[in-house]
Amino acid sequence: MSTAMQQVFAHPVSLKDVQTHFCPGCQHGTIHRLVAEAMDHFGVQEKTIGVASVGCSVFLYAYFDIDVVEAPHGRAPAVATGVKRACPDKFVFTYQGDGDLAAIGTSEIIHAANRGEGMTVIFVNNTTYGMTGGQMAPTTLPNQKTSTSPYGRNVGNDGYPIRMAELLAQLEGVAFSARVAVNTPKNVMQAGRVIKQAFETQLQGRGFSFVEVLSACPTNWGMDPLKANARIAEEMIPYFPLATFKDTSAA
Amino acid sequence: MQKRLLVKGNEAVAMGAIEAGCRFYFGYPITPQSDIPEYISREFPKVGGTFIQAESEIASINMLLGASACGMRAMTSSSSPGISLKQEGISYMAGSELPGLIVNISRSGPGLGGIDASQSDYFQAVKGGGHGGYHTIVLAPHSVQEMYDLTMLAFDLSDRYRVPAMLLGDSVLGQMKEALIPHPYVAPADLPAKDWAVSGKDGRAQRVVKSLYLGDGELEAHNWKLYRKYQELRERETRCETAGLDDAKLLVTAFGVTSRIAKTAIRMAREEGLKVGLLRPITLFPFPDKAFADATARTKRVLCFELNTGQMVEDVRLSVARDAEVFFYGRPPGAGSLPTPEELLAQIRTYYKD
């Protein structure tokens, strides 16, 4: 029997060994790690250009050891379009929150997806504007209280939460669209697998790939991290089902 | 004999951009600039360029931002309301020190306004346009030839200083046909390498293109850096055309299309024996303030002529000698016709003093 030891777990190479600014219980850190692990898995760190958005995820460059371009609020898919067209052999991804992608950036995400831009979009849905202090987002659930829906989201006045993964799956240019969550170890494992599938979609040149990640914001939800995880299971997943809505590799 | 082509001003912009090595264009249709994307969409496939008709002006400026961040020569073009939509992205480009060309073949405003010739976007162009207190380099051609030449210059200046550049024209300059003598683009030998562009780190240190500075003192230092570049532009890159300054008793100043009318009116005035000179700013930012100071050390009367109710005249007043008098003649857009040389000549006679 060999005495050589095999390393089976380590800090991802693509992720800097620094402390993040995220709140306790925030799942951006987990999602960052899954993205970095996918980068390491495919060995693309050195050829990756990330596009950061505006919101809690704006400090992408502080945590990922990769080249990064910072985009105006909501415009990351348009910036990434310019990047990918200029550098078609590079790995290009955006990392956006729900206010950024599903409200102010709706036009940019739909048209980048519809053109089939060869980028990967990581979309973090925590049903609120985290950075600005917990205002109502396009994904805020009906009756959910936020700082700008203090009596609960009134769908008669505010409309309905948008299911982006399903919406984008309808577009011809989209090769991969899925929703995952990171509220349980099992879901984290599944999210890691799905993010890798999205990366593979780009690396195989099959078109636009999109992963929506349901994520907790304990600070703005006014919950401890465990209750926040329970809320994802009890309230978010029933409205935002976990599934792969489109995968052209399966066709 | 040199090859002379009869082309539209808008086409000259597109030809100059292609000649200068621009291979990325992102835009959205709007009158009176649509000849530019039409020409480029036809010619880019022949030279391996990337043309995207974006979903909006906002998307197109951000695509430009992305391509520029990768170190590519890239451009967009639009007209006034579309330029307003682009201001967010222009501000981010300025803050991120990204070069790039934005062409404004302006309409007449405010709002949807009209499509006749106007210079109502001067303030927007030279005073920043978007939020945050920045400048873009602004070049103002007055002929089809200059639409070609200044497009090339705009790319060079923008790359050298890492400041976005704007070419400011109008519907006359964009739509009229004139002789163009095309010439090969020669890149300045001393253009700095784009050692800031993202490309995937590939063994080197991480590169980040950003405008967010939250660290203690970082943003102030960044803004001083931008300020120093604007000062350097002011010291080194002002350009203007002058004529008849030696004996002028009255200086007429105008940019772009109005300077063509001014030239005719000045010729007519000279024929009457009036000693009238011309100072035509070619760079609107940096504004040729020293040229005005020098000219008004001797010529104490200045008539500023614009297709608006008085915008460049403010910069003229800030630039002239303290004892010089500045007069203004202008008309806002909407008349359906341009002021005539005779109309300006009457103004010249009014303000002229021997």
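Good morning. I begin with chain B, which is divided into domain 1 (5-180) and domain 2 (241-351), with bounds that come from an automatic or database domain assignment. This is a predicted model, in which local features need pLDDT of at least 70 and side-chain atom pairs count only at pLDDT 80 or more, while totals for chains, interfaces and linings use all residues. Residues are numbered from 1 along each chain as its sequence is written, and chains are lettered from A and ligands numbered from 1 in the order in which they are written.

The C-alpha centres of the two domains lie 26 Å apart. Across their boundary, 25 residues of domain 1 of chain B are in contact with 22 residues of domain 2 of chain B; contact requires C-beta atoms, placed from the backbone, to lie within 7 Å. On the domain 1 side, helix 5 of chain B gives the most, with four residues. Helices (H or I, at least four residues) and strands (E, at least two) are DSSP runs, numbered from the N terminus.

I turn now to the two chains. Their contact takes 28 residues from chain A and 33 residues from chain B. Strand 1 (48-52), strand 2 (67-70), helix 3 (76-86) and helix 5 (106-114) of chain A each supply at least two residues of the side that touches chain B. Of these elements, helix 3 of chain A gives the most, with eight residues.

Which strand of chain B pairs with strand 2 of chain A? Strand 9 (residues 208-209) of chain B does, in the parallel sense over two bridges; pairing requires that DSSP find at least two bridges. There, Val68(A) stands opposite Val208(B). Thank you.

Terms used: Two residues are in contact if their C-beta atoms, placed from the backbone, lie within 7 Å.
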